[in-house]
Amino acid sequence: MKKILITGGAGFIGSHVVRLFVKNYPDFEIFNLDKLTYAGNLENLKDIEENSNYRFVKGDIVDEAFVFDLFKQERFNKVIHMAAESHVDRSISNPTEFVYTNVIGTVNLLNASRAIWGDDFEGKVFCHVSTDEVYGSLGSEGLFTENTPYDPRSPYSASKAGSDHFVRAYYNTYGLPVVISNCSNNYGPNQFPEKLIPLFINNIINRKPLPVYGKGENVRDWLYVEDHAKAVELLCNKGKPGETYNIGGHNEWKNIDLIKTLCQIMDKKLGRADGESEKLITFVKDRAGHDMRYAIDASKIDRELGWKPEHRFEQGLEKTVDWYLENEQWLKNVTSGEYLKYYEQQYEKR
Ligand code: NAD
Ligand code: TYD
C-alpha cells in the first residue's frame with residue numbers, strides 16, 4: 001500500500017487536509033505525524049480516527065533520530081509538511097521555538113525524504129505548506145506574486161521563510177521533488193482561539209472585550225480552510241516540482257470591518273440586540289512590527305491547475321460561527337488550563 005505522511009495533522013489546517021485525504025484516497029495509508037503541542041488536538045479528527053487507512057503517530061519533527069527511523073520503517077511515497085509553530089504573537093514572545101520546529105524540523109524531514117528516496121523520485125513529492133507572510137508587508141496597492149522577493153518581518157515569518165529557502169535549496173541541489181505553497185490567512189472550524197476569528201468568536205460568546213490591535217486598519221486576505229485543503233491536494237498530485245504556488249481568497253478585509261461583520265452575525269445567532277457585540281470592541285496596544293497588509297495574486301494556481309476558492313466569505317464566516325456555537329465543548333476544552341495563562345500574558349497586561 002502506498003503511504004502519505006501529513007505532518008501537523010492534528011492542527012487546524014492539517015486536520016482538514018487529513019480528513020480530505022483519508023476520504024479521497026482509500027487505497028493509500030494516510031499517516032498523521034503530530035507532536036500534539038497546545039495547538040494539536042485529536043478531537044479534530046474524531047470522525048475519521050476509526051477509518052482503516054488512517055494512522056496516527058505522536059512525535060516531534062525536531063527529533064532527528066525519530067524522524068529517520070519513522071521514514072525508514074514506513075517509506076512514505078508523499079510528504080505533506082504542515083507541522084509548525086504558527087502564531088505570530090507567540091513568535092514575538094518565544095522566537096527560538098519557531099526556529100526549532102519550523103526550520104530544523106523541516107530540514108529533518110527533507111533529509112529523511114532524501115534518505116529513503118535516493119534518486120528514485122517516481123511518484124514522490126514533498127509538499128511544503130507555507131504562508132504569504134514570508135513576502136513581508138504591502139502598502140495600499142499591489143499583490144504578492146510568486147516572484148515577490150522574500151522580506152519576512154516577524155520571527156514567525158522569518159522561520160517560515162528559512163524553511164522555504166531550505167526546501168528550494170533541496171530541489172536545486174539534490175533534485176528533491178518539492179512543491180511549495182504560500183497561502184493567505186485561513187479561517188474555519190477547528191482553528192485554535194488564539195487567531196483573530198476564533199478568539200473573537202469565543203470572546204463574544206463570553207461577553208469579553210475584543211482586543212483590536214492598533215486602529216484595526218491592517219488588512220488580511222481570508223480563505224476558507226477547506227478551499228486551502230483542496231489546493232494542497234491539487235499541488236500534491238499535479239504541482240510542478242521546484243515550483244511555488246500562491247494561494248489566496250481574493251478576499252481582503254480591514255480587521256475592523258471584518259470584526260464588525262462578525263459581531264453582526266453573532267448578535268443574530270445569539271439572539272442579542274443589534275450592536276451589542278460591537279460594544280465589546282477595545283483598541284489595545286499594537287502588535288510589535290505589525291504587518292500592514294497581505295494580499296495574494298493566486299492567478300498561477302488557477303491558470304495552471306484550475307484552482308479557485310469555492311466559498312464566499314460571508315457564507316464561510318457564517319458556517320464557521322455555526323461550528324463554534326455547535327461545538328461549545330471543544331471550545332471549552334481548549335480554552336482551559338494553559339490557555340488561561342497565555343491569555344493573561346498576552347492580553348490582560350496589555
Ligand atoms: P496550527 O498551529 O493549528 O497546527 C500546527 C500543528 O503542528 C499542531 O497540530 C501541532 O501539534 C503540530 N506541531 C507543532 N510543532 C510540532 C513538532 N515539533 N513536531 C510535530 N508536530 C508539531 O497551525 P495551522 O494554522 O493549521 O497551520 C498549518 C500550516 O499551515 C503551518 O505550516 C502554517 O505555517 C501554514 N499556514 C497557516 C495559515 C493560517 O492562516 N493558519 C496560512 C498559511 C499557511
Ligand atoms: P492573526 O489571526 O494572528 O493572523 P496573522 O497575524 O498571522 O495575520 O491576526 C489577524 C489580524 O488580526 C492581524 O492583523 C492581527 C489582528 N489581531 C488583533 O487585532 N487582535 C488579536 O487579538 C489578534 C490575535 C489579531
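What you are looking at is a predicted model, in which local features need pLDDT of at least 70 and side-chain atom pairs count only at pLDDT 80 or more, while totals for chains, interfaces and linings use all residues. Residues are numbered from 1 along each chain as its sequence is written, chains are lettered from A and ligands numbered from 1 in the order in which they are written, and side-chain values use heavy atoms, with hydrogens and water left out.

Let's stay with the helices for a moment. Two packed helices are described by the angle between their axes and the distance between the axes. For α8 (residues 255-270) and α10 (residues 313-326), the axes come within 11 Å and cross at roughly 50°. Here an axis is a line fitted to C-alpha atoms, for helices over the stretch in contact, and angles run from 0 to 180 degrees between N-to-C directions. The elements themselves are DSSP runs, helices being H or I with at least four residues and strands E with at least two, numbered from the N terminus.

Now turn to α4 (residues 95-117) and α5, whose axes come within 8 Å and cross at roughly 15°. That makes α4 and α5 roughly parallel to each other, and their crossing is right-handed.

Helix α5 leads us on to ligand 1. This ligand is surrounded by 29 residues, the closest being I13, D34, S86, Y156 and K160; a residue is near a molecule if one of its heavy atoms lies within 4 Å of it. Among the elements, α1 (12-24), β5 (125-131), α5 (155-174) and β7 (185-187) each supply at least two residues of the shell, and β5 gives the most, with three residues. Polar contacts (pairs of N or O atoms within 3.5 Å) include a polar backbone atom of I13 at 2.8 Å from an oxygen atom of ligand 1. Polar backbone atoms of T37 and M82 each lie 3.0 Å from an oxygen atom of the ligand. Taken alone, ligand 1 exposes 830 Å², and the protein buries 97% of that, with accessible areas coming from the Shrake-Rupley method with a 1.4 Å probe.

Ligand 2 has 20 residues around it, and E133, R220, R287, H290 and Y347 come nearest. An N or O atom in the side chain of E133 is 2.6 Å from an oxygen atom of ligand 2, and a polar side-chain atom of Y347 lies 2.6 Å from an oxygen atom of the ligand. The backbone takes part too: an N or O atom of P211 lies 2.8 Å from a nitrogen atom of ligand 2. On its own, ligand 2 exposes 510 Å², of which the protein buries 98%. The elements giving two or more residues to this shell are α3 (88-93), α6 (196-205) and β8 (210-213).

Conventions. A polar contact is a pair of N or O atoms within 3.5 Å; within protein, one must be able to donate a hydrogen and the other to accept it, and residues adjacent in sequence count only if both atoms are side-chain atoms. Angles under 35 degrees count as roughly parallel, over 145 as roughly antiparallel, 65 to 115 as roughly perpendicular and the rest as oblique. A crossing is left-handed if the near helix is turned anticlockwise from the far one by less than a right angle, and right-handed if clockwise.
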